[in-house]
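Let's take a look at a few residues and see where they sit and what they touch. Keep the 3D view open while you read.

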Amino acid sequence: SSTGTLLAQATFTNETASGWQQVSFSSPVAVSVGSTYVASYLDPAGHYSATNGTFSSSNVDSPPVYGLATTTTPNGLYLYGGTSAFPTATYNATNYFVDPVFNLSP
């Protein structure tokens with residue numbers, strides 16, 4: 001959640017050296033419209049993809065995901081370290097390309 005409560009986690013297996021990587025949770029995580037959530041990942045070797053300034057001055061609206069601009073709330077959070085923990089630092093409104101996959105129910 002946006003407060004650091006862990007809602008689910010998964011471990012990547014059979015990753016490739018490049019290209020899109022995707023992992024699924026063992027069971028779906030219910031989310032609520034209008035709530036803020038944080039999606040993050042841990043790479044013990046410190047590797048990541050990033051684009052600076054994505055959240056600098058405007059929201060990123062790509063339904064069903066709505067990324068808040070850093071001017072509204074810190075976005076593009078990160079945390080360096082060898083163990084999993086809630087990301088709290090932000091630098092240059094950076095997008096770290098951690099995207100949720102949704103199964104929308106009617």
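A residue is called partly exposed when its relative accessible area falls between the cut-offs for buried, under 20%, and exposed, over 50%. Keep in mind that this is a predicted model.

Start with Thr70. You'll find Thr70 in the loop that links strand E2 (65–67) to strand E3 (77–78). Is Thr70 buried, partly exposed or exposed? Its relative accessible area is 28%, so Thr70 counts as partly exposed. If you skip its neighbours within four places in sequence, Thr70 is in contact with Phe55, Asn75 and Ala93.

Now hop over to Gly53, in the segment before E1. Gly53 and Thr70 are 17 residues apart in sequence, and their C-alpha atoms are 9.3 Å apart in space. Not counting residues up to four places away in sequence, Gly53 touches Asn92, Ala93 and Thr94. So what does Ala93 do here? Ala93 turns up among the contacts of Thr70 and also among those of Gly53.

Tyr37 is next, and this residue lies in the segment before strand E1 (60–62). Which nonpolar surface patch includes Tyr37? The patch is formed by Leu7, Val31, Tyr37, Val65, Phe102 and Leu104, and together they have about 520 Å² of accessible area.

Here are the exposure values side by side:

| Residue | Relative accessible area | Class |
|---|---|---|
| Thr70 | 28% | partly exposed |
| Tyr37 | 35% | partly exposed |
| Gly53 | 26% | partly exposed |

Technical notes. Residues are numbered from 1 along each chain as its sequence is written. This is a predicted model: local features need pLDDT of at least 70, side-chain atom pairs count only at pLDDT 80 or more; totals for chains, interfaces and linings use all residues. Side-chain values use heavy atoms; hydrogens and water are left out. Helices (H or I, at least four residues) and strands (E, at least two) are DSSP runs, numbered from the N terminus. Buried means under 20% relative accessible area, exposed over 50%, partly exposed in between (1.4 Å probe, protein chains only). Contact means heavy atoms within 4.5 Å. Patches are made of residues with over 30% relative accessible area and no salt bridge: like charges are joined within 9 Å, nonpolar side chains (Val, Leu, Ile, Met, Phe, Trp, Tyr) within 5 Å. Accessible areas come from the Shrake-Rupley method with a 1.4 Å probe; for residues, only the protein chains shown count as cover. A salt bridge is a side-chain nitrogen of Lys or Arg within 4 Å of a carboxyl oxygen of Asp or Glu.
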